[in-house]
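Please look through the sequence and the structure before reading on. The numbered points below are meant for someone meeting them for the first time.

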Amino acid sequence: MLDVKDTYSTVTAVLPSQSVRLVTEALQTDLNTGALVWGGRGTLLQDQWWKRWVPPISPAKTMLQLLSPGNQVEAIERKIIQTARLDKQSTGAVFSSPCSQAYFGTDFDNWGQSTTTGHETVSSTADLTHNLSAIYCIVSHQDSDRVSKAAIRAGAHGPIVFYSEGRGLRDRLGWLRITKEHEKEVLLVIAEEDDADTIFDTMADAGQLHMPGRGFMYRVPISKGMFNLPSRVAHHHHEASMQQIINAIDHLAGHQHWRDQTVFDVPGQGRGQGLTEFSRVVPLNNQVCLSAIAHRENASAVINMMLEAGAPGLNFNYARFNHEEADAMGGAHLSDEFAMLRCITFSETADEICRLLDQASTDQKIADFCVYLNPAPRVATYVPGKTDYRAA
């Protein structure tokens, strides 16, 4: 039987590779919390016009994620900020997303559950922001550069990219599955709420997500977080970056409306820019991101169970689990490896998948995994019979 929890959140961090060991050791020592870690890369465009057509620079980054009870989230985020010095310019990001439900197998190690009381404070000078969203875009590697450049030109930081694999209906079609490209790239963008819709639409258009087989994209609300991620390599030198200047103007103005560059028609006077109301696209409703974490040796079984239970398709990547109790050999820690699975589906379908997964895991005696649901208020993907994802 799966144990149901409703007060959990996912905490995700983008870290400079050199600070990962310090962060995981600090989480283990101070908060008794382990984390999943996997590799990624940043995206940087170069300012010179003659380099606009060359591939973006891809500095190494490391992703870190864990599940945590709600009363531990802020302590964990501040510990990560303090240890990795994420308040410094162009270093990384950390954010938390609430889970509407979380289901734990009986044998799943509670490595995301800190034994601390939740009343401790971790000193950090960085302010955690509430008005943020995380945008995840899953596309083929041929499209990732184009979507990344579009995101940056829409005002986003350089997307964080990591690899994933896909599983779905075509994997069950015998020899026809050879026509399917398994490897995908996941682009992560963290954006302020005021900019998120524009960035989302720009990325969806660049990736042509209204066409079949091009991928999908979704937004996840952020409870609390911060990001210091660059977008461009500049060869002129200023005492402050553009991101710092924009943040300073936000602080001085007390709002972000001054950023609005909407173009509108002025009767009798042509076109102008400034504050105006504009229509928002209608999102797909009642969607959730259904995610699972399973030990690698059970990953194939859990994938099959989820697909048979009604998951429309899964993308997944592997991550190592860093914890002080990891087996040691010759002074080196041998970390367990886990699969991180995710798909987007309707809320009612996700609940039914969890119910069937509970039954199937009991029948197959697999209990070393967990499943959790995050709200996904906006989704962009191909919808049969539609020419535009926004019309779904």
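1. Helices and strands are here DSSP runs, with helices (H or I) of at least four residues and strands (E) of at least two, numbered from the N terminus. Along the chain Met211 and Tyr382 are 171 residues apart, yet their C-alpha atoms are separated by 5.4 Å.

2. The average pLDDT of the chain is 80, and 71% of the residues score at least 70. Two stretches call for care: over residues 114-119 the pLDDT stays under 50, although the model gives this stretch 13 contacts beyond four places in sequence, and over residues 262-282 the pLDDT is again below 50, with 28 contacts in the model beyond near neighbours in sequence. Where pLDDT is low, the predicted coordinates should not be read in detail.

3. As for the chain as a whole, it contains seven helices and 22 strands, and 51% of its 392 residues count as buried. Among contacts in the chain with a separation of 6 or more, 80% are accounted for by residues 24 or more positions apart.

4. How do α1 and α2 pack, and at what angle? Helix α1, residues 20-31, and helix α2, residues 73-84, meet at an angle of about 135°, and their axes are 9 Å apart; the two helices are therefore oblique to each other, and their crossing is right-handed. On the α1 side the contact involves Leu22, Val23, Ala26, Leu27, Asp30 and Leu31, which meet Ala75, Ile76, Lys79, Ile80, Thr83 and Ala84 of α2. Sorted by class, the residues of this contact of α1 with α2 are nine nonpolar, one polar and two charged.

5. Helix α3, residues 141-153, packs with helix α4, residues 193-206, at an angle of about 150°, with the axes 8 Å apart. An angle over 145 degrees counts as roughly antiparallel, and α3 and α4 are therefore roughly antiparallel to each other. The crossing in which α3 passes α4 is right-handed. From α3 the contact draws on Arg146, Val147, Ala150 and Ala151, and from α4 on Thr202, Met203 and Ala206; by class, this contact of α3 with α4 has five nonpolar residues, one polar and one charged.

6. Tyr318 lies in β17 and, at 24% relative accessibility, counts as partly exposed. Which residues does Tyr318 contact, leaving aside its neighbours within four places in sequence? They are Trp38, Glu165, Arg296, Ala299, Glu337, Phe338 and Ala339. The C-alpha atoms of Tyr318 and Met340 are separated by 6.0 Å, the two residues being 22 residues apart along the chain.

7. Arg320 is also found in β17, which spans residues 314-322, and Arg320 is partly exposed, with a relative accessible area of 39%. Arg320 and Glu337 are 17 residues apart in sequence, while from C-alpha to C-alpha they are 4.4 Å apart in space.

Note on methods: Residues are numbered from 1 along each chain as its sequence is written. This is a predicted model: local features need pLDDT of at least 70, side-chain atom pairs count only at pLDDT 80 or more; totals for chains, interfaces and linings use all residues. Side-chain values use heavy atoms; hydrogens and water are left out. Axes are lines fitted to C-alpha atoms, for helices over the stretch in contact, and angles run from 0 to 180 degrees between N-to-C directions. Angles under 35 degrees count as roughly parallel, over 145 as roughly antiparallel, 65 to 115 as roughly perpendicular and the rest as oblique. A crossing is left-handed if the near helix is turned anticlockwise from the far one by less than a right angle, and right-handed if clockwise. Contact means heavy atoms within 4.5 Å. Ala, Val, Leu, Ile, Met, Phe, Trp, Tyr, Cys and Pro count as nonpolar, Asp, Glu, Lys and Arg as charged, and the others, Gly among them, as polar. pLDDT is the predictor's confidence in each residue, from 0 to 100. Buried means under 20% relative accessible area, exposed over 50%, partly exposed in between (1.4 Å probe, protein chains only).
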